[in-house]
Number of protein chains: 2
Amino acid sequence: MFAVCVEVHVKPENRDDFIRASITNAKCSVQEPGNLRFDVIQQVDDPNRFILYEVYRDSAGMAAHKETPHYAAWRDAVAPWMAEPRRGIKHTALWPDTEALWAVE
Amino acid sequence: MFAVCVEVHVKPENRDDFIRASITNAKCSVQEPGNLRFDVIQQVDDPNRFILYEVYRDSAGMAAHKETPHYAAWRDAVAPWMAEPRRGIKHTALWPDTEALWAVE
């Protein structure tokens, strides 16, 4: 499995817009056949910073996400809300080591 | 729910030791009543960097983890293997918004 941590820093005035758009995107993303998780988390000591924690079955699943209409809609909506460019950091998932333990059902 | 992202940078010669100790710790941690996930992921473009993605039911669960013998054993074992100090960043989990969707069963 592959896990992508996307570090996001938004403008304070667009924080709520970003949360709404990202939860919509997460709900669609977990329906993709290659996706196992799509968590949206907000930093406690700086509420303008978020991480999208995305887990895919394999690299094809990660690539397929970028081709979906919900990803395109999210990307275009959030573009003007960024305080700085996003940073997506790719990881190999070491544990859990079985797919069943990752899934959002 | 609370999510802690622990950013870890290890010495190359201790990478495999760190992986073994952290998987042992993860397997014990998901048995804690307050823990919902404990993922161990390794950065693709720098295999000496890891994230521990820990999700707890509440802040008491997060605090209770630090009191466990498996946490103490991990902390002491990995101390000499760090290339730089760890950084644990606390988050509020926004989505999924129900506990059932977080759990490693």
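In the predicted model, helices α1(B) and α3(B) are roughly antiparallel to each other, a label given to angles over 145 degrees, whereas those under 35 degrees count as roughly parallel, those from 65 to 115 as roughly perpendicular and the rest as oblique. Helix α1 spans residues 15-29 of chain B and helix α3 spans residues 69-78 of chain B; the two pack at an angle of about 170°, with their axes 9 Å apart. Axes are lines fitted to C-alpha atoms, for helices over the stretch in contact, and angles run from 0 to 180 degrees between N-to-C directions. Helices (H or I, at least four residues) and strands (E, at least two) are DSSP runs, numbered from the N terminus. The crossing of α1(B) and α3(B) is left-handed, that is, the near helix is turned anticlockwise from the far one by less than a right angle, clockwise being right-handed. From α1(B), the contact includes Phe18(B), Ala21(B) and Cys28(B), and from α3(B) it includes His70(B), Tyr71(B) and Trp74(B); two residues are in contact if their C-beta atoms, placed from the backbone, lie within 7 Å. By class, this contact of α1(B) with α3(B) has 7 nonpolar, 4 polar and no charged residues. Ala, Val, Leu, Ile, Met, Phe, Trp, Tyr, Cys and Pro count as nonpolar, Asp, Glu, Lys and Arg as charged, and the others, Gly among them, as polar.

The strands of both chains form a closed barrel of 8 strands with antiparallel pairing, in the order β1(A)-β3(A)-β2(A)-β4(B)-β1(B)-β3(B)-β2(B)-β4(A). Neighbouring strands of this sheet are turned by 35° against each other on average, direction ignored. Two strands pair if DSSP finds at least two bridges between them. Within chain A, β1(A) pairs with β3(A) in the antiparallel sense over 8 bridges, and Val8(A) has Phe50(A) in β3(A) as its bridge partner. β1(A) also pairs with β4(A), in the antiparallel sense over 6 bridges; here Val4(A) is the bridge partner of Lys90(A), and Cys5(A) stands opposite Ile89(A). Between the chains, β2(A) and β4(B) pair in the antiparallel sense over 4 bridges, with Val40(A) opposite Trp95(B).

Helices lie across strands from both chains. α1(A) lies across β2 and β3 of chain A together with β4 of chain B, running at about 165° to β2(A). α1(B) lies across β4 of chain A together with β2 and β3 of chain B, at about 165° to β2(B).

The contact between the chains takes 24 residues from chain A and 24 residues from chain B. On the side of chain A that touches chain B, β1, α1, β2, β3 and β4 each supply at least two residues, and the largest share, 7 residues, comes from β4(A). This side has 17 nonpolar, 4 polar and 3 charged residues. Because 100% of the interface residues of chain A are also interface residues in chain B, the copies meet through the same surface.

A rotation of 180° with 0.0 Å of shift along its axis superposes chain A on chain B (RMSD 0.0 Å). The two copies are thus related as by a two-fold rotation axis. Copies are superposed by least squares on the C-alpha atoms of residues with pLDDT of at least 70 in both.

Residues are numbered from 1 along each chain as its sequence is written, while chains are lettered from A and ligands numbered from 1 in the order in which they are written. In this predicted model, local features need pLDDT of at least 70 and side-chain atom pairs count only at pLDDT 80 or more, whereas totals for chains, interfaces and linings use all residues.
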